[in-house]
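Biologist: I would like to learn how to read helix packing, pockets and backbone geometry in a model. Could you take me through an example?

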Amino acid sequence: MPTPSLAALPIRRLTLRDLTACADLSEDRGWPREEHKWGFLLTAGKGFGIDDPEGGLVAACVVTEYGAWGRPDLGAIGMVLVAERHARRGVGRRLMRHVVSTMGTTPLTLHATPYGRPLYEELGFKVTGRAEMLMGRFTPGGPASGVVTRAATAEDLPAILRLDEEVFGSDRTPFITRLPAFADQLRVAEEDGRLIGYTAAWPNMDTHVVGPLIARDTETAKALVASLAARTDRPLRTDIDVRHEELLAWAKERGLASVAFNAVMTYGITDLPGDWTRRFAPLTVAAG
């Protein structure tokens, strides 16, 4: 039997049954397997993929939708991967065009590596910002913070959801309610009984990823990061909006080093909704 051409292979929805194949695809491209993250994204979002007749996946990506059920007002695209043996043959372009078409008039966003950015620009995505990835072992120090932080409880969830929607600019309830099971730590900052920030640390290979990081101001963001760091022996990793220069400088002073920069891109909107001044880091760049 002749092998079908790549253009003839159907694009289908991925499920949790495809978790191992997605992790294999990550590994094929030199990425960590990130099975914990893949599982979260395939559950909270919609996966799209192309099966390889010889086994595994030719390509995959995930779209996470935010807003009212069935009427999303924002979609985040992430984990766009093409197997090395099929690279540079138009597969990624075809998959992305399918996703953009499927999402209709819903505005889209993604974090692009320098390698992927030309394709996204070709498809009509525009650069609207930049995020800097930091990683390293956090070293405590500096003056004591006056911000009160503590572990989140089930009773905090309604307040976390209200704050998150206000800052993010869209309802992320199905996404945020999965955090307690996904993350190793979920912490809040409060003042006079009122929630002024929250963050999580979730396991990814040998690191703890800090995100989401939403806070009233930079001092609150620092206190939340420090509170997470004090309760893990793993290196930290996070992606901080480059406009938060003070937080970036502080994190580098505390031992985190710059690893990479990603372009924040949008399609169908000129800028992301919400309040960037209180949105310091995403849960993961794969989900906006």
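Modeller: Gladly; we will go through helix pairs, then the pocket and cavities, then the backbone. Please keep in mind that this is a predicted model.

Biologist: Let us begin with the helix pair α8 and α9. At what angle do their axes cross?

Modeller: For any pair, look at the angle and the distance between axes. Here helix α8 (residues 218–229) and helix α9 (residues 245–253) have axes that come within 10 Å and cross at roughly 30°. Angles under 35 degrees count as roughly parallel, so α8 is roughly parallel to α9.

Biologist: Is that crossing left-handed or right-handed?

Modeller: The α8 and α9 crossing is right-handed.

Biologist: And which residues bring these two helices together?

Modeller: From α8, look at Thr-218, Glu-219, Ala-221, Lys-222, Val-225 and Ala-226; they meet Glu-246, Leu-247 and Trp-250 in α9. Sorted by class, the residues of this contact of α8 with α9 are 5 nonpolar, 1 polar and 3 charged.

Biologist: Now the pair α1 and α2. How do I describe the way they pack?

Modeller: Take the angle and the distance again. Helix α1 (residues 19–28) packs on helix α2 (residues 35–44) at an angle of about 130°, and their axes are 10 Å apart. That angle makes α1 oblique to α2. The α1 and α2 crossing is right-handed.

Biologist: Which residues of α1 and α2 meet?

Modeller: On the α1 side there are Leu-19, Cys-22, Ala-23 and Ser-26, and they meet Glu-35, Trp-38, Gly-39 and Leu-42 of α2. The residues of the α1 contact with α2 divide into 5 nonpolar, 2 polar and 1 charged.

Biologist: Which elements supply the lining of the largest pocket?

Modeller: At least two residues each come from β4 (71–82), α3 (91–102), β5 (108–112), α4 (117–122) and β12 (257–267). The largest share is from β4, with 6 residues. By class, the lining of the largest pocket has 20 nonpolar, 9 polar and 7 charged residues.

Biologist: How many cavities of 30 Å³ or more does the structure hold?

Modeller: There are 2 of them. The largest cavity holds about 90 Å³ of space. Among its 13 lining residues, Val-225, Thr-238, Ile-240, Ala-251 and Leu-256 lie nearest its centre. The elements giving two or more residues to this lining are β10 (207–215), β11 (236–241) and α9, and β11 gives the most, with 4 residues. By class, the lining of the largest cavity has 11 nonpolar, 1 polar and 1 charged residues.

Biologist: What lines the second largest cavity?

Modeller: About 40 Å³ of space lies in this one. Its lining is made by Ala-44, Thr-64, Glu-65, Tyr-66, Arg-172, Pro-174 and Phe-175. Two or more of these residues come from each of β3 (57–68) and α6 (173–176), and β3 has the largest share with 3 residues. The classes in the lining of the second largest cavity are 4 nonpolar, 1 polar and 2 charged.

Biologist: Lastly, the backbone. What should I look for there?

Modeller: Look for exceptions: most peptide bonds are trans, and most residues other than glycine have a negative phi.

Biologist: Is the peptide bond from Gly-211 to Pro-212 cis or trans?

Modeller: The bond from Gly-211 to Pro-212 is cis, with omega near -5°. Pro-212 sits in strand β10, one of the elements that give residues to the lining of the largest cavity.

Biologist: And what is the phi of Met-79?

Modeller: Met-79 is not a glycine, yet its phi is positive, about 55°. Met-79 belongs to strand β4, and β4 gives the largest share of the lining of the largest pocket.

Conventions
Residues are numbered from 1 along each chain as its sequence is written. This is a predicted model: local features need pLDDT of at least 70, side-chain atom pairs count only at pLDDT 80 or more; totals for chains, interfaces and linings use all residues. Side-chain values use heavy atoms; hydrogens and water are left out. Axes are lines fitted to C-alpha atoms, for helices over the stretch in contact, and angles run from 0 to 180 degrees between N-to-C directions. Angles under 35 degrees count as roughly parallel, over 145 as roughly antiparallel, 65 to 115 as roughly perpendicular and the rest as oblique. A crossing is left-handed if the near helix is turned anticlockwise from the far one by less than a right angle, and right-handed if clockwise. Contact means heavy atoms within 4.5 Å. Ala, Val, Leu, Ile, Met, Phe, Trp, Tyr, Cys and Pro count as nonpolar, Asp, Glu, Lys and Arg as charged, and the others, Gly among them, as polar. On a 1 Å grid over the protein atoms alone, a cavity is a set of points where a 1.4 Å probe fits but cannot get out, and a pocket is an open set with protein on both sides within 12 Å along at least five of seven lines; lining residues have an atom within 4 Å of a point. Grid points are joined across faces, edges and corners, and a volume is the space filled by probe spheres set on the points.
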